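Here are my notes on this one, in the order I'd go through them with you. Have the model open while you read.

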Amino acid sequence: MRFSQTAILFFVTFATCVPNASGADEIPVVVDERFTQAENRTFKTFDPQLEQTWKHPFFFMQLADTQYGMFTGNKGFEKEAALTQQAVEHINRLRPRFVIVCGDLTNAEPKHARYRAQVAQYHQDFSKVDSEIPLVCVCGNHDIGNRPTPKSIASYQENFGDDYFSFWVNGVCNIVLNSSVLKDPTGAPDVLAAQQTWLDQQLRDAQDAKAKHILLFQHHPLFLAKEDEPDQYFNIPLERRTSLLDQLKQAEVRAVFAGHYHRNAYGRAGAMEMITTGPVGRPLGKDPSGFRIVTVHEKNIQHKYYGMDDVPEKIDLTKPAKP
Ligand SMILES: [Zn+2]
């Protein structure tokens with residue numbers, strides 16, 4: 001297993017290593033094992049039985065909007081690659097239980113010429129995350145289009161695995177949703193319906209199994225600041241937001257983590273936190289490129305956004321958690 005992973009990694013590096021990473025659309029995309037873990041609506045790295053038991057506090061890192069190609073309108077991606085490489089150094093030093101990237105992995109969509117080159121560079125850069133640290137990828141609107149279709153979702157799945165799935169880590173139930181079909185379901189109404197039926201079951205199962213926390217991850221924020229704020233580009237339309245929020249509150253979901261906004265935003269729906277995280281890639285506000293560190297204690301969670309140049313040397317899990 002170790003040998004095959006090394007061999008695949010070597011091949012990925014070899015296959016995607018080009019002198020000028022800005023252009024070549026012909027770069028082959030070779031999918032490393034770490035990018036095919038989201039399968040059959042779960043994430044294979046984590047043992048579903050063993051991980052249902054709480055053992056000790058842990059932390060994970062939430063990234064969003066690497067969006068390779070955004071700085072230059074798809075002409076190149078050197079800046080995004082450099083920022084990701086900086087993030088990977090932090091990941092390998094801090095050693096979180098897992099890393100999750102909440103969508104818009106690339107700027108180009110699957111139908112665009114530059115898509116494959118951007119995906120190849122993303123794979124190459126994230127392949128440098130230590131093989132013992134799981135990397136969970138979430139699809140965003142750039143990954144499957146603003147009006148996703150079964151075809152665009154299938155393209156994503158080839159490169160990154162399932163678009164929605166769940167996994168347990170240390171007594172915590174983590175649910176990943178495809179929020180682009182919540183934003184605009186008209187191109188894939190069956191996907192939204194199937195995801196909703198699946199979500200109903202996931203929430204029931206998590207409550208039955210007495211999850212210490214239920215956490216939700218998706219690309220679009222459900223809302224930025226107020227749960228009943230008007231519809232706009234960065235949130236989910238009220239038409240589908242209100243009923244989903246009711247369901248999540250009912251299930252006592254602890255927090256929803258999102259990206260898409262390219263800056264931080266915070267809100268609450270009852271006891272549930274809505275946490276929108278700034279980008280690894282190009283910022284659109286005052287928050288610099290960076291990521292969020294989330295510490296999980298038995299009774300609560302804490303989180304903080306760090307700019308790429310402002311990340312602590314290590315994470316202290318022994319500090320008492322706030323009530
Ligand atoms: Zn987005």
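1. Helix 3 and helix 5 cross in a right-handed way (the near helix is turned clockwise from the far one by less than a right angle). Their axes, lines fitted to C-alpha atoms over the stretch in contact, come within 11 Å and cross at roughly 30°. That makes helix 3 roughly parallel to helix 5 (angles under 35 degrees). Helices here are DSSP runs of H or I, at least four residues, and strands are runs of E, at least two.

2. A word on provenance: this is a predicted model, where local features need pLDDT of at least 70 and side-chain atom pairs 80 or more, while totals for chains, interfaces and linings use all residues. Residues are numbered from 1 along each chain as its sequence is written, and side-chain values use heavy atoms, without hydrogens or water.

3. At that crossing, Tyr115, Val119, Tyr122 and His123 of helix 3 meet Ser155, Tyr156, Asn159 and Phe160 of helix 5 (contact: heavy atoms within 4.5 Å).

4. Helix 2 (residues 78-94) also packs on helix 3, at about 25° with the axes 9 Å apart. So helix 2 is roughly parallel to helix 3, and this crossing is right-handed too. Ala81, Thr84, Gln85 and Val88 in helix 2 meet Gln121, Asp125 and Phe126 in helix 3.

5. Asp104 sits in the loop between strand 4 (99-102) and helix 3, and Asn141 in helix 4, 37 residues apart.

Key. Axes are lines fitted to C-alpha atoms, for helices over the stretch in contact, and angles run from 0 to 180 degrees between N-to-C directions. Angles under 35 degrees count as roughly parallel, over 145 as roughly antiparallel, 65 to 115 as roughly perpendicular and the rest as oblique.
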